[in-house]
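Please read it alongside the sequence and the model.

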Amino acid sequence: MHQLYKKSLLLNNALRASILFTFGFASLSANPSDSIFFSNIEFRVVENAVSSHNYIWIHGDEKTAEMALKYHLQHYPGKGFFIQSEHREVSVAGTIVDPNRLFSRKGAAKALRHFKTDWQEGDLKYVLDLLDTARIPFLDAVFPGKGGLLIAVHNNSQGYNVKKEIPNSRMRSIKPEQNPRDFILCTDEADFHQLSNGPFTVILQDEMPAEDNGSLSWAAIRKGIRYVNIETRLGWLSQQKKMLKFVEDTLK
Ligand SMILES: [Zn+2]
């Protein structure tokens, strides 16, 4: 089912490829004021009162995280960035990519080759250069100001849990009574110690790995931004709401 879906997306994208290349990344430049773009990837901006906390939902198929964040921003201050996509992968330059692999040039190069292996070297360089340029204002908008916090919400399915992140973690506070698929990843040691006092599993990733895969968390570390990722099992809405509230209350 998933493979079929991917094939049909690739077909659509083949049709779109020439348009994207003709107009470059300017084809969607008419931004509504409540949206921001990373190249042609649109994020809706939802703001509820002024706060130093920014939030991001970046995988369009992770609907529990979207619902939890929408609920959270109705009850707590902050600014949320919501990707406008129904699917995990989004269309970029005639292929589809995981949007959370575009935050470094190396990660973007690997992601762009994942579903399209026949790039002309010059075309790939052209797209990577455009992404390098588009990344700067996007991160400026999404990263909070000094002392602020960026909170990302994700959902996972079977096969992914906190154990996969332990090799890249410097500190960990595992709560055996919690499901290993529900955990909080943070990039600031002081935040780690505060969050560890709560009921949830917490890990600290504050050192760059040998291979930067282009995910937002590593971009945050590079820039010295405090970042928290709330990972929850897909479908466990009340759990993700609780984890969001816990992070908000603990790191005010
Ligand atoms: Zn995700």
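A crossing is called left-handed if the near helix is turned anticlockwise from the far one by less than a right angle, and right-handed if clockwise. Helices (H or I, at least four residues) and strands (E, at least two) are DSSP runs numbered from the N terminus. The model is predicted, so that local features need pLDDT of at least 70 and side-chain atom pairs count only at pLDDT 80 or more, while totals for chains, interfaces and linings use all residues. Residues are numbered from 1 along each chain as its sequence is written.

**Helix pair**
- The axes of α2 (residues 63-75) and α7 (residues 237-250) come within 9 Å and cross at roughly 45 degrees, where axes are lines fitted to C-alpha atoms, for helices over the stretch in contact, and angles run from 0 to 180 degrees between N-to-C directions.
- That angle makes α2 oblique to α7, because angles under 35 degrees count as roughly parallel, over 145 as roughly antiparallel, 65 to 115 as roughly perpendicular and the rest as oblique.
- Helix α2 passes α7 in a right-handed crossing.

**Sheet**
- Nine strands form an open sheet of mixed pairing, in the order β1-β2-β4-β3-β7-β11-β9-β10-β8, where two strands pair if DSSP finds at least two bridges between them.
- The edge strands, each pairing on one side only, are β1 (35-38) and β8 (171-173).
- From one strand to the next, the twist averages 20 degrees.
- Strands β9 (residues 183-186) and β11 (residues 226-233) run antiparallel and are joined by four bridges, and Cys186 stands opposite Val228 in β11.
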